[in-house]
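Welcome! Here is a short tour of the protein chain shown below, written for someone meeting this structure for the first time.

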Amino acid sequence: MNLVRSNVTIVFMGVVTLVVALASVYFPSIILMYALGVLVVSSTLVVLSRNKYGIAHLMSGYIVGIEVFFRMVKTGVPWEYGKYAVIVLLSLGLLMEKRKPKIPKFFLFYLLLFIPSILLTFGLIDFERARQLVVSNIGGQLVLFVSVLYFYKRKFSDADFQVLS
(Lines give C-alpha, C1' and ligand atoms only; values in the text may rest on other atoms or scores of the structure.)
Protein backbone atom coordinates (compact mmCIF):
# COMPACT_ATOMS: atom_id res chain seq x y z
CA MET A 1 0.00 0.00 0.00
CA ASN A 2 1.26 3.45 -0.87
CA LEU A 3 1.43 5.17 2.50
CA VAL A 4 2.04 8.59 0.98
CA ARG A 5 -1.25 8.60 -0.90
CA SER A 6 -3.38 6.71 1.60
CA ASN A 7 -6.47 8.25 3.14
CA VAL A 8 -4.96 7.73 6.60
CA THR A 9 -1.99 9.94 5.73
CA ILE A 10 -4.21 12.64 4.28
CA VAL A 11 -6.45 12.65 7.36
CA PHE A 12 -3.39 12.67 9.64
CA MET A 13 -1.96 15.73 7.84
CA GLY A 14 -5.32 17.46 8.14
CA VAL A 15 -5.46 16.76 11.88
CA VAL A 16 -1.88 17.98 12.38
CA THR A 17 -2.69 21.17 10.46
CA LEU A 18 -5.81 21.72 12.59
CA VAL A 19 -3.87 21.18 15.84
CA VAL A 20 -1.15 23.61 14.74
CA ALA A 21 -3.80 26.16 13.76
CA LEU A 22 -5.49 25.92 17.14
CA ALA A 23 -2.17 26.00 19.01
CA SER A 24 -1.13 29.10 17.06
CA VAL A 25 -3.83 31.09 18.88
CA TYR A 26 -1.89 30.69 22.13
CA PHE A 27 1.63 30.22 20.71
CA PRO A 28 1.99 32.31 17.52
CA SER A 29 5.66 31.39 17.11
CA ILE A 30 4.67 27.77 16.48
CA ILE A 31 3.67 28.71 12.93
CA LEU A 32 7.23 29.64 11.93
CA MET A 33 8.56 26.38 13.39
CA TYR A 34 5.81 24.46 11.59
CA ALA A 35 6.59 26.13 8.26
CA LEU A 36 10.28 25.27 8.56
CA GLY A 37 9.45 21.76 9.78
CA VAL A 38 7.16 21.08 6.82
CA LEU A 39 9.86 22.17 4.39
CA VAL A 40 12.59 20.11 6.09
CA VAL A 41 10.43 16.98 6.43
CA SER A 42 9.14 17.31 2.85
CA SER A 43 12.63 17.78 1.45
CA THR A 44 13.89 14.78 3.43
CA LEU A 45 11.02 12.60 2.18
CA VAL A 46 11.68 13.63 -1.42
CA VAL A 47 15.38 12.77 -1.11
CA LEU A 48 14.90 9.48 0.78
CA SER A 49 12.14 8.21 -1.54
CA ARG A 50 13.83 9.63 -4.63
CA ASN A 51 10.41 11.20 -5.32
CA LYS A 52 9.01 7.78 -6.15
CA TYR A 53 5.46 8.62 -5.10
CA GLY A 54 5.38 12.23 -6.30
CA ILE A 55 5.99 13.58 -2.82
CA ALA A 56 7.47 16.76 -4.31
CA HIS A 57 4.29 17.85 -6.05
CA LEU A 58 1.97 16.59 -3.31
CA MET A 59 3.83 18.50 -0.59
CA SER A 60 4.18 21.55 -2.85
CA GLY A 61 0.40 21.63 -3.10
CA TYR A 62 0.13 21.30 0.68
CA ILE A 63 2.58 24.17 1.21
CA VAL A 64 0.65 26.41 -1.18
CA GLY A 65 -2.49 25.64 0.82
CA ILE A 66 -1.00 26.31 4.24
CA GLU A 67 0.57 29.51 2.93
CA VAL A 68 -2.95 30.88 2.59
CA PHE A 69 -3.48 30.10 6.28
CA PHE A 70 -0.15 31.73 7.17
CA ARG A 71 -1.19 34.93 5.42
CA MET A 72 -4.67 34.92 6.97
CA VAL A 73 -3.32 34.86 10.52
CA LYS A 74 -0.51 37.31 9.70
CA THR A 75 2.30 35.11 10.97
CA GLY A 76 6.04 35.75 10.92
CA VAL A 77 6.47 33.45 7.92
CA PRO A 78 7.99 35.43 5.02
CA TRP A 79 5.62 36.20 2.16
CA GLU A 80 7.94 34.49 -0.31
CA TYR A 81 8.03 31.22 1.70
CA GLY A 82 5.60 29.38 -0.56
CA LYS A 83 7.45 30.31 -3.72
CA TYR A 84 10.85 29.28 -2.39
CA ALA A 85 9.50 26.08 -0.83
CA VAL A 86 7.83 25.00 -4.09
CA ILE A 87 11.00 25.77 -6.04
CA VAL A 88 13.08 23.73 -3.58
CA LEU A 89 10.72 20.74 -3.51
CA LEU A 90 10.09 20.52 -7.25
CA SER A 91 13.80 21.01 -8.01
CA LEU A 92 14.70 18.27 -5.52
CA GLY A 93 12.05 16.06 -7.10
CA LEU A 94 13.58 16.59 -10.52
CA LEU A 95 17.09 15.86 -9.26
CA MET A 96 16.14 12.75 -7.27
CA GLU A 97 14.01 10.84 -9.73
CA LYS A 98 15.30 8.83 -12.66
CA ARG A 99 13.23 10.74 -15.20
CA LYS A 100 15.33 13.50 -16.77
CA PRO A 101 13.09 15.91 -18.66
CA LYS A 102 14.27 17.88 -21.64
CA ILE A 103 13.87 21.62 -21.28
CA PRO A 104 11.46 22.89 -23.93
CA LYS A 105 13.18 25.62 -25.94
CA PHE A 106 10.21 27.94 -25.60
CA PHE A 107 10.38 27.88 -21.80
CA LEU A 108 14.14 28.34 -21.78
CA PHE A 109 13.61 31.39 -24.01
CA TYR A 110 10.91 32.57 -21.57
CA LEU A 111 13.41 32.43 -18.70
CA LEU A 112 16.14 34.18 -20.70
CA LEU A 113 13.80 37.08 -21.44
CA PHE A 114 14.07 38.13 -17.78
CA ILE A 115 17.81 38.78 -17.92
CA PRO A 116 17.60 42.22 -19.64
CA SER A 117 14.95 43.45 -17.20
CA ILE A 118 17.00 42.26 -14.23
CA LEU A 119 20.12 43.98 -15.52
CA LEU A 120 18.23 47.22 -16.19
CA THR A 121 16.67 47.15 -12.73
CA PHE A 122 20.03 46.79 -11.01
CA GLY A 123 21.53 49.45 -13.28
CA LEU A 124 18.90 52.10 -12.53
CA ILE A 125 17.96 51.62 -8.85
CA ASP A 126 19.98 51.23 -5.67
CA PHE A 127 20.97 47.63 -4.93
CA GLU A 128 18.66 46.89 -1.98
CA ARG A 129 15.53 48.25 -3.67
CA ALA A 130 16.44 46.50 -6.93
CA ARG A 131 16.94 43.21 -5.08
CA GLN A 132 13.51 43.52 -3.45
CA LEU A 133 11.83 44.30 -6.77
CA VAL A 134 13.53 41.46 -8.62
CA VAL A 135 12.83 38.88 -5.91
CA SER A 136 9.17 39.82 -5.59
CA ASN A 137 8.50 40.06 -9.32
CA ILE A 138 10.64 37.22 -10.67
CA GLY A 139 9.90 34.69 -7.90
CA GLY A 140 6.51 33.74 -9.32
CA GLN A 141 7.94 33.41 -12.82
CA LEU A 142 10.69 31.15 -11.49
CA VAL A 143 8.10 28.95 -9.75
CA LEU A 144 6.24 28.73 -13.05
CA PHE A 145 9.44 27.73 -14.88
CA VAL A 146 10.38 25.04 -12.35
CA SER A 147 6.78 23.77 -12.39
CA VAL A 148 6.87 23.49 -16.17
CA LEU A 149 10.11 21.51 -15.97
CA TYR A 150 8.69 19.23 -13.30
CA PHE A 151 5.29 18.57 -14.90
CA TYR A 152 6.34 18.61 -18.59
CA LYS A 153 5.26 15.28 -20.12
CA ARG A 154 4.63 13.77 -16.67
CA LYS A 155 1.96 11.10 -16.80
CA PHE A 156 -0.81 10.93 -14.22
CA SER A 157 -3.35 8.16 -13.77
CA ASP A 158 -6.97 8.53 -12.69
CA ALA A 159 -5.95 7.40 -9.21
CA ASP A 160 -3.41 10.25 -9.03
CA PHE A 161 -6.15 12.78 -9.68
CA GLN A 162 -8.45 11.18 -7.13
CA VAL A 163 -5.79 11.71 -4.46
CA LEU A 164 -5.64 15.40 -5.31
CA SER A 165 -9.39 15.92 -5.10
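Which residues does tyrosine 34 touch, not counting residues up to four places away in sequence? Tyrosine 34 touches Val16, Thr17, Val20, Tyr62, Ile66 and Phe70, where contact means heavy atoms within 4.5 Å.

A word on the ground rules. This is a predicted model, in which local features need pLDDT of at least 70 and side-chain atom pairs count only at pLDDT 80 or more, while totals for chains, interfaces and linings use all residues. Residues are numbered from 1 along each chain as its sequence is written, and side-chain values use heavy atoms, with hydrogens and water left out.

**The overall picture**

The chain has eight helices and zero strands; both are DSSP runs numbered from the N terminus, with helices (H or I) of at least four residues and strands (E) of at least two. The C-alpha trace spans about 55 × 45 × 25 Å along its principal axes. Of the 165 residues, 36% count as buried, meaning under 20% relative accessible area, with exposed being over 50% and partly exposed in between (1.4 Å probe, protein chains only). Among contacts with a separation of 6 or more, 76% join residues 24 or more positions apart.

**Two helix pairs**

Two packed helices are described by the angle between their axes and the distance between the axes. Here the axes are lines fitted to C-alpha atoms over the stretch in contact, and angles run from 0 to 180 degrees between N-to-C directions.

| Helix pair | Angle | Axis distance |
|---|---|---|
| α4 (residues 81-96) and α7 (residues 127-151) | about 25 degrees | 9 Å |
| α2 and α3 | about 175 degrees | 10 Å |

The angle makes α4 roughly parallel to α7, whereas α2 and α3 are roughly antiparallel to each other; angles under 35 degrees count as roughly parallel and those over 145 as roughly antiparallel.

On the α2 side of the second pair, the residues in contact include Ile31, Ala35 and Leu45, and they meet α3 residues including Met59, Ile63 and Phe69. The contact of α2 with α3 has 14 nonpolar, two polar and no charged residues. In this sorting, Ala, Val, Leu, Ile, Met, Phe, Trp, Tyr, Cys and Pro are nonpolar, Asp, Glu, Lys and Arg are charged, and the others, Gly among them, are polar.

In the other pair, α4 residues including Lys83, Ile87 and Leu90 meet α7 residues including Gly139, Val143 and Tyr150. By class, the contact of α4 with α7 has twelve nonpolar, six polar and one charged residues.

**The core**

In soluble globular proteins, nonpolar side chains tend to be buried together. The largest nonpolar core has 31 residues, of which Tyr34, Val38, Val46, Phe70 and Tyr81 touch the most other members. Such a core is a set of buried Ala, Val, Leu, Ile, Met, Phe, Trp, Tyr and Cys residues joined through side-chain atoms within 4.5 Å. Helices α1 (7-26), α2 (30-49), α3 (55-72), α4 and α7 each supply at least two of its residues, and the largest share, nine residues, comes from α4.

Is asparagine 51 buried or exposed? Asparagine 51 counts as buried because its relative accessibility is 3%. Asparagine 51 sits in the loop between α2 and α3, and its contacts include Val46, Gly93 and Tyr150.

Leucine 111 is found in helix α5 (residues 105-112) and, at 28% relative accessibility, counts as partly exposed. Leucine 111 touches Leu142 and Phe145, not counting residues up to four places away in sequence. The C-alpha atoms of leucine 111 and leucine 142 are separated by 7.8 Å, although the two are 31 residues apart along the chain.

Technical notes:
Angles under 35 degrees count as roughly parallel, over 145 as roughly antiparallel, 65 to 115 as roughly perpendicular and the rest as oblique.
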